[in-house]
Amino acid sequence: MRGRLAMGRAGRGCLWLAASGLAAALWVGGCRTEEPPVPQSVVTPVHEPRRVMVMTQIQARGVSDERVLAAMQKVPREEFVPEEQRPYAFDDRPLPIGEGQTISQPYIVALMTELLDLKEGEKVLEIGTGSGYQAAVLAELTPEVYTIEIVETLGKRAEETLARLGYADVRVKIGDGYKGWPEHAPFDAIIVTCAPQQVPQPLKDQLREGGRMVIPVGPQWTGQTLYVLRKKGGKVREEEVIPVRFVPMVREGGGRW
Ligand code: SAH
C-alpha cells in the first residue's frame with residue numbers, strides 16, 4: 001500500500017521519493033514528469049485518525065471482514081457526533097449525541113456489522129437510528145437500508161446528516177422499532193442498537209428465512225448480552241456473543257420494552 005501511495009504522489013518531488021526505500025525500488029528508472037494514470041482509490045487520501053481507529057480498536061480485537069473494515073474506514077464518524085464531541089470522535093468508547101442517547105463505541109459498530117454478514121443487495125433494518133452513523137456503515141455494504149428512531153429530533157437530524165453525506169437512500173422512520181417495519185418485511189438482516197428485555201416477537205417474524213438478527217438483550221445498563229439470531233427452517237436459533245451495555249429500548253408512552 002505504501003508503495004502504491006508513493007507512486008501516486010511521485011510527481012510532486014523526487015526528494016520525497018528518495019526518502020522511501022520501497023518507493024525508490026519501484027522507481028528505478030528515476031523521476032518521471034509524466035505519470036501513468038493512477039486509480040482513484042490510490043489517490044484518495046487515507047483519513048489517518050480513522051485508519052488508526054480501525055487498526056487499533058477494531059482489527060486488533062478480531063474483526064476481519066474486509067468490507068466492514070473498509071466501511072469503518074470510509075464513513076466520517078466525526079460528522080455524526082455533536083460539534084463539542086468532535087475531538088473525541090475516534091475514542092474507544094460511546095459518545096453522547098443528545099436526548100440522553102449515545103453513538104456506540106466504534107468496535108461495537110464494527111462487530112455488530114460483521115455479525116450481520118450482509119451481502120450487497122440484501123435488505124437490512126436497524127432499530128435505534130440515533131446519530132445515523134450505524135445506518136451509514138450499513139449503507140456502505142448494501143443499498144437497502146431501513147432504520148427506525150423513536151425520538152423525533154434525533155431521527156430528523158440523522159436523516160439530514162445522512163442526506164448531506166451522500167446516504168440519502170437510507171430510509172428513516174420515526175416510530176417504535178419494537179414493531180419493526182411490516183410494510184418492508186421480510187428483512188435479510190435486523191440490527192438492534194437499543195436493549196429490550198426480550199427479543200421482540202415482531203422482529204423475529206419480520207426476519208426472512210436464512211436471515212440474521214444482532215441484538216442486545218437484558219436489564220437496563222448492566223447484565224445485557226449481545227446475541228446473534230439465525231432463522232432456519234422457520235425456527236430461530238440464538239447464540240450469545242459478548243456482554244454489552246446499551247441504552248434501553250423504550251415504549252412510545254414511556255417505560256421500556
Ligand atoms: N445506532 C445509533 C446509536 C443508537 S443509541 C448510532 O449509530 O448512532 C440507541 C437509539 O435507540 C437511541 O437513539 C434511542 O432513542 C433509540 N430507541 C430506543 N428505543 C427505541 C424504540 N423502541 N424504537 C426505535 N428507537 C429506539
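Visitor: Over how many bridges do β4 and β5 pair?
Guide: Helices (H or I, at least four residues) and strands (E, at least two) are DSSP runs, numbered from the N terminus. Two strands pair if DSSP finds at least two bridges between them. In one of these bridges, Glu149 has Ile174 in β5 as its partner. β4 and β5 pair in the parallel sense, and the number of bridges is four.

Visitor: What kind of model is this, and from which number are residues counted?
Guide: This is a predicted model, in which local features need pLDDT of at least 70 and side-chain atom pairs count only at pLDDT 80 or more, while totals for chains, interfaces and linings use all residues. Along each chain, as its sequence is written, residue numbering starts from 1.

Visitor: How many helices and strands are there in the protein chain?
Guide: The protein chain has 257 residues. Its elements are ten helices and nine strands.

Visitor: Which strands stand at the edges of the open sheet?
Guide: The sheet has seven strands in the order β5-β4-β3-β6-β7-β8-β9, with mixed pairing. An edge strand has a single partner strand, so one of its sides is left without a neighbour in the sheet. The strands placed in this way are β5 (171-174) and β9 (235-244).

Visitor: By what angle are neighbouring strands of this sheet turned against each other on average?
Guide: Axes are lines fitted to C-alpha atoms, for helices over the stretch in contact, and angles run from 0 to 180 degrees between N-to-C directions. For neighbouring strands of this sheet the direction is ignored, and the average is 15°.

Visitor: Which strand is joined to β3 by five bridges?
Guide: A residue is buried if 20 or more other C-beta atoms lie within 10 Å of its own, exposed if 12 or fewer, and partly exposed in between, with C-beta atoms placed from the backbone. Four of the five residues of β3 are buried, so the strand is largely enclosed by the rest of the structure. Ile127 stands opposite Ile148 in β4. The strand that runs parallel to β3 and is joined to it by five bridges is β4.

Visitor: Is Thr147 buried or exposed?
Guide: Thr147 has its place in strand β4. Leaving aside neighbours within four places in sequence, Thr147 is in contact (C-beta atoms, placed from the backbone, within 7 Å) with Glu126, Thr129, Ala135, Val170 and Val172. Its C-alpha atom is separated by 5.6 Å from that of Leu125, 22 residues apart along the chain. Thr147 has 29 C-beta neighbours inside 10 Å and therefore counts as buried.

Visitor: At about what angle does α7 run to β7?
Guide: Helix α7 lies across several strands, β3, β6, β7, β8 and β9. The angle of α7 to β7 is about 160°.

Visitor: Which strand contributes the largest share of the shell around the ligand?
Guide: The ligand is surrounded by 23 residues, the closest being Gly128, Gly130, Ser131, Gln134 and Gly177; a residue is near if its C-beta atom, placed from the backbone, lies within 6 Å. β2 (101-103), α8 (133-139) and β4 (144-149) each supply at least two of the shell residues. The largest share, three residues, comes from β2.

Visitor: Which two residues are joined by a cis peptide bond?
Guide: Most peptide bonds are trans. With omega at about 0°, the cis bond joins Ala185 and Pro186.

Definitions and conventions: Two residues are in contact if their C-beta atoms, placed from the backbone, lie within 7 Å.
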